[in-house]
Amino acid sequence: MAIIDLSIAELRKKIQQRELSATQLSEAFLNRIKELDPKLNSFITVNERVMDDARELDKRIAAGENVGPLAGLPLAIKDMLCTKGIKTTAASKMLNNFVPPYDSTVVAKLKKAGALVIGKTNLDEFAMGSSNETSFYGSVKNPWNLDCVPGGSSGGSAAAQAARLAVASIGTDTGGSIRQPASFCGIVGIKPTYGRVSRYGIVAYASSLDQAGPMTSTVADAAEMLEVISGHDIHDSTSSQKSVPTFTQSLRKDLKGMKIGLIREYETDAISADVRKTVENAIATAKSLGAEVVEVQVPLTQYAVPIYYLVAASEASSNLARYDGVRYGYRADYQNLSAVELEKFYCKNRGQGFGEEVQRRIMLGTYALSSGYYDAYYNKAGQVRRLLTQEFQSAFEKCDVILSPVSTTAAFKIGERISDPLAMYLNDIFTTSTNLAGLPGMSVPFGFSAQGMPIGIQLTATHFQEEKLFAVASALEAAANISDRRPNVI
Amino acid sequence: MIDLADIEKIALLARLELSPEKAREHAEQLPRVLKHFEQIAQVSTVGVEPLVTPTEIEAYWREDDVVQELTPDEILANAPDKIGHLFRVPPVI
């Protein structure tokens with residue numbers, strides 16, 4: 001079996017038994033990146049020093065050290081997570097030269113488990129987008145069809161993973177940014193419960209919505225990765241102190257005793273025939289595996305996109321206020337000026353450093369928080385957010401896991417929706433509720449469109465019940481039997 | 001209604017320099033997006049406390065120890081301009 005087809009568990013065994021060295025593994029993936037990434041543009045930075053790290057690890061293995069569950073595995077990390085000594089850009093001109101002096105907690109935990117950072121993946125600028133077309137470093141291409149978007153904002157991680165340019169990847173999800181690109185690229189992606197994973201060292205977009213999570217080739221690999229990155233962190237007061245389950249023990253083949261909920265309000269004409277067929281197949285499969293299917297109601301999901309964009313833009317306008325061009329980040333050229341007004345100094349740095357979509361969301365958020373409009377927009381959105389969360393809590397009294405589409409369509413063409421911001425925002429109708437309510441959500445590949453593009457199924461559970469997501473996802477993955485299909489580019 | 005003057009005011013609050021062309025684009029797009037979002041006004045929310053953090057934050061205690069995690073050199077390494085251990089900016093008025 002080729003290296004790229006091996007699971008994390010299989011690779012761990014080979015490395016522990018010295019059938020394969022960390023150096024060989026990193027070299028193999030570096031070569032794949034060099035060969036294939038010029039077509040995809042999925043990496044912003046490739047970490048050439050990964051070979052030194054791999055050699056160091058091989059020495060420790062040879063010395064009989066316990067090197068951790070992910071020892072020697074090269075991972076692709078979304079360029080939103082700070083990596084000590086490796087440039088971290090958030091795909092923005094604003095952070096084009098930023099080299100963090102510390103590791104984000106997620107990266108620190110991965111390194112402690114023995115993993116290696118092979119590179120930093122492309123994304124929509126500051127994770128604001130669902131097509132990966134807003135990156136300062138150019139669009140990412142979908143490995144299944146180079147004319148299509150990989151989704152976003154974690155499009156680089158999704159494309160890299162689909163093309164097997166790393167053993168596993170990390171993304172972040174504020175309104176669907178792990179699940180939607182996972183669906184578009186035919187991989188597994190999980191957004192954990194808010195608080196399951198520390199946000200320390202992750203470039204802040206919307207702090208009450210952001211979570212990092214694994215993007216992997218299989219459900220079992222996602223479970224392995226989530227076990228490593230979860231847990232309380234003194235650097236993030238919103239990270240949970242709940243114990244972290246052994247997620248790999250939740251994997252199963254049948255769904256006996258499991259109640260699957262379908263949200264009645266998600267039924268809309270906007271769902272394409274391909275997506276509809278894939279969801280129907282998944283429901284039929286779940287039933288055949290022993291699950292009971294029930295209908296649940298979450299009427300306020302119809303407001304999820306407005307609530308999401310008001311909350312996210314408001315938090316973003318506040319979070320991104322830190323980019324002033326004084327301490328780090330982009331500064332405009334002042335060589336020929338003897339003096340400048342302070343406000344103009346900030347306005348120029350930010351006006352030149354931020355891209356269009358980021359500025360659009362800062363403007364929206366500033367307006368929604370401004371005097372006279374705060375109550376009608378930000379405050380109101382927060383109130384409806386509470387009611388929406390309560391509706392989800394009632395729905396989860398009737399079912400274990402909610403099954404739904406991830407997106408209304410499979411991956412769309414590059415350039416198709418970028419000129420209309422509202423049309424782009426409406427891509428997120430099935431994914432934003434999960435973040436607003438802080439729920440764990442997952443995308444698992446289940447079918448293909450008539451054009452051969454992958455389509456995922458979204459699974460959602462109540463707070464801290466990721467185990468149920470892994471149970472249902474693993475059973476559906478096994479039944480779907482499509483994991484052998486590979487994108488054309490590889 | 002949001003006009004160009006409003007856009008300029010918001011841009012100043014947001015500390016963003018906009019070209020006249022971009023300002024016109026915002027004046028066209030922002031009202032359209034807001035109009036779509038205003039549908040949340042239809043939901044009755046009398047007496048509802050806004051939800052800010054979606055899961056419960058559990059309080060925890062730690063020792064009040066001073067830990068030096070970064071050195072001044074590390075902190076200044078990303079500065080666009082500096083003199084010694086100081087951030088340097090152009091003369092401002």
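In chain A, 61% of the 490 residues are buried, a residue being buried if 20 or more other C-beta atoms, placed from the backbone, lie within 10 Å of its own. The structure is a predicted model, in which local features need pLDDT of at least 70 and side-chain atom pairs count only at pLDDT 80 or more, while totals for chains, interfaces and linings use all residues. Residues are numbered from 1 along each chain as its sequence is written, and chains are lettered from A and ligands numbered from 1 in the order in which they are written.

The secondary structure of chain A consists of 15 helices and 11 strands, where helices (H or I, at least four residues) and strands (E, at least two) are DSSP runs numbered from the N terminus. Chain A has a radius of gyration of 22 Å, close to the 23 Å given by the globule rule for 490 residues, and is therefore as compact as a globular protein of that length. This radius is taken over C-alpha atoms, and the rule is 2.2 Å times the number of residues to the power 0.38. Along the principal axes, the C-alpha atoms of chain A fill a box of roughly 70 × 55 × 45 Å. Of the contacts in chain A with a separation of 6 or more, 78% involve residues 24 or more positions apart; two residues are in contact if their C-beta atoms, placed from the backbone, lie within 7 Å.

Strands of a sheet pair through backbone hydrogen bonds, either parallel or antiparallel. Chain A contains an open sheet of 11 strands with mixed pairing, in the order S1-S3-S2-S4-S6-S5-S10-S11-S9-S7-S8; two strands pair if DSSP finds at least two bridges between them. Strand S1 (43–46) and strand S8 (292–296) of chain A are the edge strands, each pairing on one side only. On average, neighbouring strands of this sheet are turned by 30 degrees against each other, direction ignored. Axes are lines fitted to C-alpha atoms, for helices over the stretch in contact, and angles run from 0 to 180 degrees between N-to-C directions. Helix H15 (residues 466–480) of chain A packs on the sheet, where it touches strands S5, S9, S10 and S11 of chain A, and its direction makes about 10 degrees with that of S10(A).

Five of the five residues of S9(A) are buried, so this strand is largely enclosed by the rest of the structure. S9(A) runs parallel to strand S7 (residues 259–263) of chain A, to which two bridges join it, and A:Ile260 stands opposite A:Val401 in S9(A). With S11(A), S9(A) pairs in the antiparallel sense over four bridges; here A:Leu403 stands opposite A:Leu459 in S11(A).

The contact between the chains takes 62 residues from chain A and 45 residues from chain B. On the side of chain A that touches chain B, the largest share, 10 residues, comes from H12(A). By class, this side has 33 nonpolar, 20 polar and nine charged residues; Ala, Val, Leu, Ile, Met, Phe, Trp, Tyr, Cys and Pro count as nonpolar, Asp, Glu, Lys and Arg as charged, and the others, Gly among them, as polar. The axes of helix H11 (residues 356–369) of chain A and helix H1 (residues 4–13) of chain B come within 9 Å and cross at roughly 95 degrees. H11(A) and H1(B) are therefore roughly perpendicular to each other, a term that covers angles of 65 to 115 degrees.

Terms used:
Angles under 35 degrees count as roughly parallel, over 145 as roughly antiparallel, 65 to 115 as roughly perpendicular and the rest as oblique. A residue is buried if 20 or more other C-beta atoms lie within 10 Å of its own, exposed if 12 or fewer, and partly exposed in between; C-beta atoms are placed from the backbone.
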